[in-house]
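Colleague: I am new to this protein. Could we go through a few of its features together?
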Amino acid sequence: MQSTDKNVTQSITQVIAASSLGTLIEWYDFYIFGSLAVIIGQQLFPSDAGASALINTLAIFAAGFIVRPFGALVFGRLGDLIGRKYTFLLTLVLMGGSTFLIGLIPSYSSIGYAAPILVLILRLVQGLALGGEYGGAATYVAEHAPVGRRGFFTSWIQTTATLGLFLSLGVIVLTKNMLGAEAFADWGWRIPFLVSILLVGVSIYIRMKMHESPVFTKLKAEGKVSTNPLKESFQKKANFKMVLLALFGATMGQGVVWYTGQFYAQSFLENTCKLDFNESRYVLLWAILFATPFFVVFGSWSDKVGRKWIMLTGMLLGVICYRPIYQYFIDATNVKEFQKTELKSASDPVVERTLLNDTKDSLITTTVFKTLNNGMTFKEAKVVIIPDDVLAPLPEPQTVIKDVTLSGSSYIIIIALVFFQVLLVTMVYGPIAAFLVELFPTKIRYTSMSLPYHIGNGVFGGLVPFIATLVASFSGSTPLSGLWYPIGIAALSFVIGAVYINNKGDENVAD
């Protein structure tokens, strides 16, 4: 018996390793776009687009999330008809190819608005592929896992989303530091997209050697494979009820907690708090590094106490804590207020003059590098457009703060607060795969679990950076206004989940 358990453990370990590598790479491919949104926006849109370039780029990023439910339907159906293995092998090829091609798309200056249109098309292909990837990987691992340990084993798949983000940030920071900021912004940003093809090639090789899920193989041998997974998933009242419950009581809230903690946090620190490019990414890298093991902790714990209250507690803590956390981000980086009493030194001003496109007007930028007594540093740029008409009145210069670096204590506190947000992610995300697998029967599991997962994450969660940034840009809004979106969704999901979800234990997936 001990030998058999050992063989089962070795088998499931190989399954997890093969599934996780491919899923990690797909998440890496997906996240490098979001992490480079500011730079990509400068490449895809006119130089005078201003803030709209970032919002439009985030909209393109969000489009990939919106189509994920359609990918879940297409590839979920294939997975329930022909098997798990070949379906998520196909999604890997589509994802990797699209990412590589994004790295080759010319900029706006070369092909005009064809550039963002082509990138949008590739993002849609990415979204469709990712819509089929997660359900396949989670189902494949769960159907290999022994009864009583499904939360533990599937939680390893859950780590790949965060590790994919970690890998993407690491490659971006390394590439930027090697090339320098100017070269990276000009052409080096393409490298993280292009090198992904090597990782995809390795993953394809490994996945080709995988065997089909034993549960699905048995189902196929018995002739019980669904002939119409979509119809059985969504026209049968009992199953469709479970789909809706999974969406509104779990994945919707889990999705907004996920993307607030791991995407909006970085976007907010960089774009609202003006944190230095590397600094904002180092904060997230440290937070992810410390928090990632908790996916397995909460996944394993859910095998013992159930999935429900672990996930719902993560949502509730997000509802309570988001606004005070982000208020601290604002206060800790408010250099305009600090420099009134804390200014230690200022460099000599550096003046740059740039002729604006199609005019003879000049953009004059005067930059001063300042250091505060508390150790913070930042660049203060005064920007003014000097009209060619000498008789025109000179406008008032606008002051722009950028490239803020934090002092020791503030830096550690902000890392701790981002770590706390990622910890909430591990609470809601660690048990979710096992929770979804246990809701649905084998013959329609891939289809049934994929749709609520990708609507919850791809639509409700994936839209967090775009909607929150857009709401905060409205006239009369404050920087914290965008948080009402994830807070409201998480609160609604918490109430629905608390009332209607059963905290049932591990059940046999071979049903």
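Colleague: Which backbone oxygen lies 2.6 Å from a polar atom of the side chain of T292?
Modeller: The backbone oxygen of I288 lies at that distance from a polar atom of the T292 side chain. Please note that this is a predicted model.

Colleague: Where is T292 placed?
Modeller: T292 sits in the loop between α14 and α15, the latter spanning 293–305.

Colleague: Is T292 buried or exposed?
Modeller: T292 has 9% relative accessibility. Buried means under 20% relative accessible area, so T292 counts as buried.

Colleague: And what is T292 in contact with, leaving aside its neighbours within four places in sequence?
Modeller: With those neighbours set aside, T292 is in contact with T159, T162 and L163.

Colleague: Let us turn to α14. How do the axes of α14 and α18 cross?
Modeller: Helix α14 covers residues 277–291 and helix α18 covers residues 408–429. Their axes come within 8 Å and cross at roughly 50 degrees. The two helices are therefore oblique to each other.

Colleague: Is that crossing of α14 and α18 left-handed or right-handed?
Modeller: The crossing of α14 and α18 is right-handed.

Colleague: Which residues make the contact?
Modeller: On the α14 side, the contact is made by E279, Y282, V283, L284, W286, A287, F290 and A291. From α18 come Y411, I414, I415, V418, F419, V422, L423 and T426.

Colleague: How many of the residues in the contact of α14 with α18 are nonpolar, polar or charged?
Modeller: By class, 14 residues are nonpolar, one is polar and one is charged.

Colleague: What does L36 touch, not counting residues up to four places away in sequence?
Modeller: L36 touches I172, F184, W189, F193 and F277.

Colleague: And how many residues apart in sequence are L36 and R190?
Modeller: L36 and R190 are 154 residues apart in sequence, and their C-alpha atoms are 9.9 Å apart in space.

Colleague: What about the protein as a whole: how many helices and strands does it have?
Modeller: The protein has 22 helices and five strands. Of its 511 residues, 54% count as buried.

Colleague: Which share of the contacts with a separation of 6 or more comes from residues 24 or more positions apart?
Modeller: Such residues account for 80% of those contacts in the protein.

Definitions and conventions
Residues are numbered from 1 along each chain as its sequence is written. This is a predicted model: local features need pLDDT of at least 70, side-chain atom pairs count only at pLDDT 80 or more; totals for chains, interfaces and linings use all residues. Side-chain values use heavy atoms; hydrogens and water are left out. Axes are lines fitted to C-alpha atoms, for helices over the stretch in contact, and angles run from 0 to 180 degrees between N-to-C directions. Helices (H or I, at least four residues) and strands (E, at least two) are DSSP runs, numbered from the N terminus. Angles under 35 degrees count as roughly parallel, over 145 as roughly antiparallel, 65 to 115 as roughly perpendicular and the rest as oblique. A crossing is left-handed if the near helix is turned anticlockwise from the far one by less than a right angle, and right-handed if clockwise. Contact means heavy atoms within 4.5 Å. Ala, Val, Leu, Ile, Met, Phe, Trp, Tyr, Cys and Pro count as nonpolar, Asp, Glu, Lys and Arg as charged, and the others, Gly among them, as polar. Buried means under 20% relative accessible area, exposed over 50%, partly exposed in between (1.4 Å probe, protein chains only). A polar contact is a pair of N or O atoms within 3.5 Å; within protein, one must be able to donate a hydrogen and the other to accept it, and residues adjacent in sequence count only if both atoms are side-chain atoms.
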